[in-house]
Amino acid sequence: MSQIIEMLLKEMDQEANTTRKMLSRVPNDQYDWQPHPKSMTVRSLATHIAELPTWVSLTLNTDGLDFATTPYQPKEINDTDQLLQYFEESLKEGRDELAKATDEELPKRWVLRDGEQILSDGTKGEMIRIAYSQIVHHRAQLGVYLRLLNIPIPGSYGPSADEQ
């Protein structure tokens, strides 16, 4: 296995630990809550976080995604046990595909589009890193949601204010 793939796997595992801690804090009675009408619900946000590891396998196994021909269909998640199980399944899928990948696959082009509109155009390696960044980004959003619901926040890269 190459050093690049090993590095990506290590990062995936490290971020998974933090994601797991954050998702485990989602309260079962708040799945329909949203902080603002333009914001996602807790259910939508947490489900998206849980599915994002599958973007690694999607990236490695395709040349792109077109929302015009493949509309987004999130899985229906109704409680935190189901959410965590979905995350573990997504993580296993993404991790297994990444472990089989080679350096030769990473520079190949991958395009995210909505019909004629190109949303992102880069290499497969870049898209994997974007998937990781999306997990971190949306996990931070979830942290704000949890804070507004007065739920203690777990630390990400050190202790949180709730853990000191």
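Trainee: Which residue forms a salt bridge with Glu 97?
Mentor: This is a predicted model. In it, the closest N and O atoms of the pair are 3.0 Å apart. A salt bridge needs such atoms within 4 Å, so this pair qualifies. The partner of Glu 97 is Lys 100.

Trainee: What separates Glu 97 and Lys 100 in helix H4?
Mentor: The two residues are three apart in that helix. Glu 97 and Lys 100 are therefore separated by about one helical turn.

Trainee: Is Lys 100 buried or exposed?
Mentor: Lys 100 has a relative accessible area of 56%. Exposed means over 50%. So Lys 100 is exposed.

Trainee: How many salt bridges does a search of the whole structure find?
Mentor: The pair of Glu 97 and Lys 100 forms a salt bridge. Asp 13 and Arg 95 form one too, with their closest N and O atoms 2.7 Å apart. The search of the whole structure finds ten.

Trainee: How many residues apart in sequence are the parts that Asp 13 and Arg 95 tie together?
Mentor: Asp 13 lies in helix H1, and Arg 95 lies in helix H4, residues 80–100. Asp 13 is partly exposed at 28% relative accessibility. Arg 95 is partly exposed at 30%.

Trainee: Which strand holds Asp 121, the partner of Arg 109?
Mentor: The side chains of Arg 109 and Asp 121 meet in a salt bridge, 2.5 Å from N to O. The pair links distant parts of the chain, twelve residues apart. Arg 109 is in strand E2, residues 109–114. Asp 121 is in strand E3.

Trainee: Where is Thr 41?
Mentor: Helix H1 spans 3–24, and helix H2 spans 42–51. Thr 41 has its place in the loop between helix H1 and helix H2.

Trainee: Is Thr 41 buried or exposed?
Mentor: Thr 41 has a relative accessible area of 18%. Buried means under 20%. So Thr 41 is buried.

Trainee: Which residues are linked with Asp 32 in a network of salt bridges?
Mentor: Beyond its neighbours within four places in sequence, Thr 41 has several contacts, among them Asp 32. Asp 32 also belongs to a network of salt bridges. The residues linked with Asp 32 there are Arg 43 and Glu 76.

Technical notes
Residues are numbered from 1 along each chain as its sequence is written. This is a predicted model: local features need pLDDT of at least 70, side-chain atom pairs count only at pLDDT 80 or more; totals for chains, interfaces and linings use all residues. Side-chain values use heavy atoms; hydrogens and water are left out. Helices (H or I, at least four residues) and strands (E, at least two) are DSSP runs, numbered from the N terminus. Buried means under 20% relative accessible area, exposed over 50%, partly exposed in between (1.4 Å probe, protein chains only). Contact means heavy atoms within 4.5 Å.
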